[in-house]
Amino acid sequence: MQARETDFVVVGAGYAGLTAALRLTQAVRSVVVLEARDRVGGRVYTETLPDGTWLDFGGTWIGPGQDQIYALAKELGVGTYPTYNTGDSVLVLEDGKIVRNAGSFPISGLFSIAALLLVMDEFEAMGKQIPLDAPWEAPKAREWDQQTVAAWIDTQIDESLGLARTALRSLMGGTFTSDPAEESLLHALYEIRTFGGFRQLMMADGGNQQDRILGGAQAMANRIAERLGDAVRLNSPV
């Protein structure tokens with residue numbers, strides 16, 4: 001086993017670890033980054049097809065207020081572009097059914113839309129009761145943590161509005177990248193609270209899904225890794 005002496009060891013080559021290592025090298029400090037996977041980027045992962053098309057499977061979008069990531073992209077010479085936001089809204093439901101609707105809302109029907117909006121408003125209002133630095137201290141933290149997102153949705157939308165119920169479960173699943181039946185209501189509320197609300201998280205124009213990274217979301221991680229060179233050690237679990 002080769003021994004190496006260094007000023008700092010960074011565990012994990014996600015964006016936080018890579019950026020920390022980059023700043024250390026800029027401060028003329030030696031650093032080694034140890035990453036268990038065979039790639040950099042952490043929860044941001046991009047695959048490139050043979051024709052050059054990139055597909056993002058992890059974190060994908062950036063938006064207003066996320067100034068540090070925009071600044072990092074500029075520093076690295078990586079461009080951004082606006083999310084395509086023209087045409088019908090398409091929602092893939094839990095059962096695989098595809099719902100297509102003109103405009104920005106994924107379903108049609110006055111009562112279904114009204115039900116969805118009311119529940120989303122209630123969800124955001126509940127989220128505002130959660131302290132960002134200590135979510136377990138929310139007034140109903142224990143009650144919410146013992147309930148799943150799916151169970152809560154079922155208590156909020158009547159069975160007669162089955163499409164609205166299914167659509168919201170699918171939206172929640174896509175938002176949190178997990179089955180709503182397996183996600184704590186408290187955890188989901190905390191996530192929405194940190195993002196500034198449901199609409200802020202899901203909006204393309206002026207929201208958190210406004211822009212994408214040229215070359216895919218992992219492009220900046222790859223660029224940092226190139227600068228760090230052999231300081232990044234892949235397949236090196238700690």
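Two strands count as paired here if DSSP finds at least two bridges between them. With that in hand, let me go through the structure, which is a predicted model.

I start with the sheet. Strand 1, residues 8–11, and strand 2, residues 31–34, run parallel and are joined by four bridges. Within that pairing, Val10 stands opposite Val33 of strand 2.

Strand 2 has another partner, strand 9, residues 232–233; the two run parallel, with two bridges between them. Here Leu34 is the residue that stands opposite Arg233 of strand 9. Put together, this is an open sheet of three strands in the order 1-2-9, with parallel pairing. Strand 1 and strand 9 stand at the edges and have a single partner strand each, so one side of each is left without a neighbour in the sheet.

Next, the cores. The largest nonpolar core has 29 residues, and those with the most contacts inside it are Phe123, Trp144, Leu168 and Met172. Two or more residues each come from helix 3 (110–127), helix 4 (141–145), helix 5 (149–156), helix 6 (162–176), helix 7 and helix 8 (198–202). Helix 6 gives the largest share of this core, six residues. There is also a second, separate core of 26 residues, which includes Val10, Val40, Val44 and Ile62. As background, nonpolar side chains in soluble globular proteins tend to be buried together.

Back to the 29-residue core, and to Trp144. What does Trp144 touch, leaving out residues up to four places away in sequence? The list is Met126, Gln129, Ile130, Ala138, Ser184, Leu185, Leu186 and Leu189. Several of these names come up again in helix 7, residues 185–195, where the buried residues are Leu185, Leu186, Ala188, Leu189, Glu191 and Ile192. Note that Glu191 is on that buried list.

Ser184 sits in the loop between helix 6 and helix 7. Is Ser184 buried or exposed? Its relative accessibility is 18%, so Ser184 counts as buried, the cut-off being under 20%. At the start of helix 7, a side-chain oxygen of Ser184 comes within 3.2 Å of the backbone nitrogen of Leu186. Beyond its neighbours within four places in sequence, Ser184 is in contact with Trp144, Asp145, Gln147 and Val149. Just after helix 7, Gly196 has a positive phi of about 90 degrees.

Another loop residue is Thr83, placed between strand 5 (80–82) and strand 6 (89–92). Thr83 has 17% relative accessibility and therefore counts as buried. Its side chain makes a polar contact of 3.4 Å with the side chain of Trp61. Not counting residues up to four places away in sequence, Thr83 touches Trp61, Gln209, Gln210, Asp211 and Arg212.

Now the aromatics. How many aromatic pairs does a search of the whole structure find? Three, and I will go through two of them.

One is Tyr45 with Phe57: the ring centres are 6.1 Å apart and the planes stand at 35 degrees, so the pair is tilted. Tyr45 lies in the loop between strand 2 and strand 3 (46–48), and Phe57 in the loop between strand 4 (54–56) and helix 2 (67–76), so the pair ties together parts twelve residues apart in sequence. Tyr45 counts as partly exposed at 28% relative accessibility, whereas Phe57, at 53%, counts as exposed.

Trp54 and Tyr81 also form a pair, and this one is edge-to-face, at 6.4 Å centre to centre with 65 degrees between the planes. Trp54 is in strand 4 and Tyr81 in strand 5, 27 residues apart, and the pair links distant parts of the chain. Both residues are partly exposed: Trp54 has a relative accessible area of 28%, and Tyr81 one of 24%.

One distance to finish. Ala151, in helix 5, is partly exposed at 33% relative accessibility. From Ala151 to Asp38, C-alpha to C-alpha, is 38 Å in space, and the two are 113 residues apart in sequence.

Definitions and conventions: Residues numbered from 1 in each chain as written. Predicted model: local features only at pLDDT ≥ 70, side-chain atom pairs only at ≥ 80, totals over all residues. Heavy atoms only, no water. Buried < 20%, exposed > 50% of the residue type's maximum accessible area, 1.4 Å probe, protein only. Polar contact = N/O pair within 3.5 Å; in protein donor to acceptor, adjacent residues only side chain to side chain. Contact = heavy atoms within 4.5 Å. Core = buried A, V, L, I, M, F, W, Y, C linked by side-chain atoms within 4.5 Å. Phe/Tyr/Trp six-rings, centres within 6.5 Å; stacked < 30°, edge-to-face > 60°.
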